[in-house]
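Dear colleague,

My notes on what was found in it follow directly after.

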Amino acid sequence: MKIENWQDVDEHLVVDNDKAIIVKDSKLLDNPEALKTEMQRSGKPVTEVRSKLVQKSVKNRVKTDPIKISAWFDRKHESDNAQKAEKLVSNKPTHQYKQIKNEMTFFGESFLEGFLGFYGLEVDNALGRYEHNLHVLETQELGQSEKEYYLATSENGHVRLATDPLPSQQIAEEQLNKFYQREPEETQAEQIQLRTSEDDRKEE
């Protein structure tokens, strides 16, 4: 069995031939028997599980700024809903969704539909960016201490390696920064923020 750790993804992917599972608790990685049992019980095709892992991680990182939601409704010429968007108290979609559901008499069905459409587009855009970009991929055979590092993409659950194995995570990150010609302290979040604002300008 092999463990995959993707850059900016908190959970682990454990692969056994053509099946895989997502492991949240890294302590479980030290228990091969439990992993084998879980693999037999709930293992699914590798590409399906890898895709789910990336989607879930990207979805958890998406922020929905009330000002952007307001602008979304403005572009659709729904000024009432644009004003209602300013009443959202958070930029976390799960909190916003709960607020909309709790205050349905104020927000209304059309606002909820518009919000879900906006959120779906934000997730799709963020997922597209993640899948298109190179990331550091760490792999390790279960029970071995040696790790290998690659620059890779994961598109629809399919891995594409862009490098041969690199000797360390630091070197992999340096190569990634060199590829994107960015300073080491410049984070992925800043890159995503830049692209998001560029996307917004294109939409306007």
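Glu-141 is partly exposed, as its relative accessible area is 39%. Please bear in mind that the model is a predicted one. The side chain of Glu-141 forms a salt bridge with that of Lys-2, at 4.0 Å from N to O. This pair links distant parts of the chain, since Lys-2 belongs to strand β1 and Glu-141 to strand β5, 139 residues apart. Lys-2 is likewise partly exposed, at 33% relative accessibility.

The structure holds nine salt bridges. Another of them joins Lys-56 and Glu-11, whose closest N and O atoms are 3.2 Å apart. Lys-56 lies in helix α2 and Glu-11 in the loop between β1 and β2, so this pair ties together parts that are 45 residues apart in sequence. Glu-11 counts as buried, because its relative accessibility of 14% is under the 20% cut-off. Lys-56, in contrast, is partly exposed at 29%.

Which residues of α7 are buried? They are Ala-172, Leu-176 and Asn-177. Seen down the helix axis, these buried residues fall within an arc of 135 degrees, so they line one face of α7. What covers them includes β5 and β6. On the other side of α7, Gln-170 and Lys-178 are exposed.

As for the chain as a whole, it has eight helices and seven strands, and 42% of its 204 residues count as buried.

With kind regards

Technical notes
Residues numbered from 1 in each chain as written. Predicted model: local features only at pLDDT ≥ 70, side-chain atom pairs only at ≥ 80, totals over all residues. Heavy atoms only, no water. Buried < 20%, exposed > 50% of the residue type's maximum accessible area, 1.4 Å probe, protein only. Helix = DSSP H or I, 4+ residues; strand = E, 2+ residues; numbered from the N terminus. Arc of directions from axis to C-beta. Contact = heavy atoms within 4.5 Å.
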